[in-house]
Structures are given as C-alpha cells and as structure tokens.
Amino acid sequence: MSSTTRGLGWLACAALTGGPLVNLSAQSAATDLPQPISELPRFTLRQIVSGSSDPVSRIPGPWLRAARAAQPESLTLARYHKVARLSGVAPLEGSALSSERSQHMMGLYRRTELIQAVHQTMIAIRASLPVEGTRRQFDQLFRPHGEWVVDLHQAVLDWARSRAPGMQWRSAQPALAAVRWLDPYDSLTPEAIPRAVYGLSLLGASDSLGLATVSADMRRADSASAAAVELLLLGYKVSQRWYIDALGFFLTQPWVPDQGREQSLSDFVGDDWRRLIGNEFPEMLRAPEIQVRLFGHPQAVPHYGVPTALFRRLVVVQNRTGRTWLDRHGEAGLLRTLRLLPVGDTSLVVLQAGSQRLRLTTVPRQSRESLNGFLEPSDVIAIEPGYPPLLALGTIVHEWQHLLFRRIQLGRFSSTIASGDLSFVELPGLDPYLAEGFAEWSSERILQRLHARWPLLALGEMEKRAALSSERLEDQHSLGYALVAALAQALGDSARTTRLLLANAESLSGIAAQRELKLAWKPYAWAADQVSAVPARRILIPEVTFSVEDGFPDVITSRIIVPAPRTPR
Ligand SMILES: [Zn+2]
C-alpha cells in the first residue's frame, strides 16, 4: 500500500470524460490473460449515480382521494383505540399521543400498565408454545430466574442483581437526584429511575466526556449510590446481547402454532413472499441480521445489502489474483473493503452537468451519512434496544419488507442491464410514499393472524400510525399506507398489488395510469395531483480502480463519466 496514493482525495485524479468505457467492458477478459503471480488483486468499482433530480413529488389526485376516502384519520385512530383496548392498555389521547408516544413504546411512560400488558401476552404465548425445547429457550430468555424479563430495563435489573443481590432501581436514586438527573416532578413514578439511567446510557453513547463528568459528580455526592448507577449503566451495555437474542427467538424459533404447523416469524415472512414472487430470489428469505443502535426512541432502520446480480454489475475484477481474492473473501469481503476507500473531500462538492446537479461522494462517506447505509456487506436491521421485543416485532417485519422489496427491485434491475456496454450504473429510485406504504401494508398483512391472536403485537405500529397521521397529514407512513391499501382494495389481490408496486417503484404516476385503476378511481377523476417540492438528492460516486493488500484498498485511478441529462418524468 502506498501512502501517497491513499492520501490523494479522489478529486485529485478525477477526470471528466464522456462516452462509454471500453476498457471495462468484459469482466472475464482481463482474468484470461497470463499474469505475474505477485500482482496485487485489482478491482474497479463502476461509477454509481443514485437519487432523484426531480424537484417535486407527485401523488396522483384520483388515487389520493380514493385513499383518503377509504382510510380517514378517524379510522386510523379508531383502529389504534381498539388494539390498545384489546391489549389492556389505555390509548394515549390528544397531545399526549404526540408528546409521550416515544417514551410510552419504550416502556418509560405509564410503565406499570404497559409492562403488565406485555406480561399478559407473554403468559398467553408461553401457554401455547407447541414444543418443549422451544419452551425451555423461551424460559431461559424471558423467565431466567422465575420472574419475567420482557424488556431491556428488566434485563438490566436482572443482570445487575446477579452481580449485586438485593439491587433495586431506588439504589440509584440518591446519586441521580444529587446531580439533578431525576425529574423532580415524576421522581416517584415507577419509570423515573430507569428513564434517568437509560438517559445517562444514551448520553454516554454520544458524549462520553459528558457522562464522565456526571459520573464524577455522582461519586462525590454519594459513592454507594453512584456505584449502583455505574452497575446499571454496565447492565445496559451487557443486556444489548439479551435484546438481540430475544428478537432472534421470535424471528427464528417455531413459537406460533398456526394452521397445523409450528412457525417462526421468518416462516410467516418466507411463506408470504414465496406466494408473491415464487422462488425468484431464494437466498433473500434468510432473516436479516439484527443490530442494536441507540436512537433514544422506538425506531429501526434497514441497511441495504447488495444482491449478487447488482454486485456483478458494479464490480469488475481486473486480474487473476483479484478473482482468487474474491473467491476467498466473497462479495461481502469486497464490500467491507470498499468502506476503507478514501472518504473524499470534506467540503460539499457538486458536479454541474448542464442542468443537472450531482453531489459528489464516496462509498464510505455515503455509507456513514445515510441512515440506511450504502452498498452494505449484508442486510441488517438496526433497532433501538429500549423498544420492548414484543412491541418491536411489527417494526422488524416492517423493516424486513423494505429490505425484501429493494433487494428484488435491484436484483431485477441488474438482470435487465447488459454488463458489456456499461459505462456507469444508475441505481433505480424508489418513491418514498410507495416504499413506506408498502412496508406498512405488507407487514400488517403478514402479521394479521398473529395480531388477531395477540393484539399487543400490533400496538407499536398502530400507535405510530395514529400519532403520525394526526401530526402530519402528509406523513409517508400513514399516507403511504392509505395509498397502498386503496390500491390493494381496487385490485383485490395482494400478489398483483406487490408486483405492480415492484414494477413501478420509481413513481406513483405509472400505477395510477393503469386502465383498471383509472376505472376503479373514476369517481375522483376530477381531482388534481398533489405536488410538493422535495430536495433533490442526486449523488455521483466516481468510478474507482484499486488494488487490495492485507485487506486495505489502494486507489490506482478514479474518474467521472458525466451522465447525460435525464428527461424529467
Ligand atoms: Zn419504513
């Protein structure tokens, strides 16, 4: 590895060129040539263009009206109230729905009631566990010492007691109160101390110096109580493992007796997708990896991996040692190496090509800056561990729908482009209403039978949708859900709905233009499209050729091929 080349930003060696790239045309040509054995493995990552340059988002009027008529806000609220009642939880009303939703779903607002409801559902689930081995695993995770452990906060206390028998949340109270880390108004509620200690845990994740200062103050004020806080903080770190295992249980273990079989959540998702698209991408139905990420509110995000078909379009193996390297380390190995390429200039650089503006970036930078990552080595769902597992299941299935939809979209896109005459790869877009609407609708459909049996499993998603639809009429989750539900209703077939969405994922207009739908939404034919301004987020990642030594990439050349202007849709 040469530090001189590594130190160069890619802009230094970028060249503006036009037309197709002839020297990158065939993947196999270079590998057939005899090459010295000592040569370093060499690859080219093709230039990537992604994101829309369209300054507006358009929702077809008739579709929007049909969606609003079928899913008024009042219905969303009524469904939330019903699910809450059936779960044994009082629904949040009025402004509390907006202001307390996050803490409520984290078990840190009206904790006693929510955890009681979770216990009841866990008791019901345990009673119906079909297999003795599954019950043993269930008890190890959720009743390790005969008492329920159903969320992160309970797991933390359980772990802390294994280190310091007799440990109580209130052992932490004097130290927290001394540094005013306890809200004096709610210091007597059951959630006050877990909320405060978890707040410290979140502080530590973003500002370790800030946490060190608070800890030192606590030690000075009350060393015994400060030690209890320290132990609980360590518990929050250790118990992240419990959280991943808990979600893993529901994803992979056969805990649901359903239609004469014992099924896991993965079975539910897999069966549904096999029915929708057959065995087109059998590898995609493996459950994604679960990682924890401290968002501080009940949230999860998908990190998109790269389907093999797309990988083969993006990456050109330039020599025989490169082929050998790839055989040994796999596609994921090379994708991990891309993360070690130079991050690029720190200032914002824009390429103005005619009327188009493209932001220049790199794989490591885009991967870090985007909530969804970029060209990730595998599909991952990153989730806030404070979100109780039972409530988070709907969210996990929701994020998994995003991963599956995008994987199929990218897989199909890649198989339609010929590798030979590629100069760069332009990734297909995804309308945000369509993406969110599909994930909401599809996950709800997949979980339908589970929701009928254990309504609490629907509570997290229902409370989210109710809050979002009352806050913002245009929210992508609630409005997107209404749009996709209206589409499914008009088509009367979930497989056709999914196929149509997959084939028209870039814009809603293509769907609304279908003859059958024009007919179904004829009563609203007069309605004008809803047009709103959106920030243009078109990016360009220059082509880069690099060698790999000891797992580290070393840039040989980098260049930009100016894309032809795109005709606006
Ligand atoms: Zn989503």
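View 1. Helices here are DSSP runs of H or I with at least four residues, strands are E runs of at least two, and both are numbered from the N terminus. This is a predicted model, with local features needing pLDDT of at least 70 and side-chain atom pairs counting only at pLDDT 80 or more, while totals for chains, interfaces and linings use all residues. Residues are numbered from 1 along each chain as its sequence is written, and side-chain values use heavy atoms, with hydrogens and water left out.

View 2. H398 counts as buried because its relative accessibility is 2%, and H402 counts as buried at 8%. For these labels, buried is under 20% relative accessible area, exposed over 50%, and partly exposed in between (1.4 Å probe, protein chains only).

**View 3. The largest cavity.** About 80 Å³ of space is found in the largest cavity, in a structure that holds two cavities of 30 Å³ or more. On a 1 Å grid over the protein atoms alone, a cavity is a set of points where a 1.4 Å probe fits but cannot get out; a pocket is an open set with protein on both sides within 12 Å along at least five of seven lines, and lining residues have an atom within 4 Å of a point. Points are joined across faces, edges and corners, and the volume is the space filled by probe spheres set on them. Among the lining residues are G394, E440, H451 and R465. Helix α23 gives the most to this lining, with five residues.

**View 4. The second largest cavity.** This one has about 30 Å³ of space. Look for Q71, T76, R79, M462, R465 and Y481 around it. Both α5 (73–87) and α23 supply at least two residues of the lining.

**View 5. The second largest pocket.** Its volume is about 520 Å³. Of the 22 residues lining this pocket, R111, Q154, L157, R161 and W169 lie nearest its centre. Two or more lining residues come from each of α8 (111–127), α10 (152–163) and α12 (192–206).
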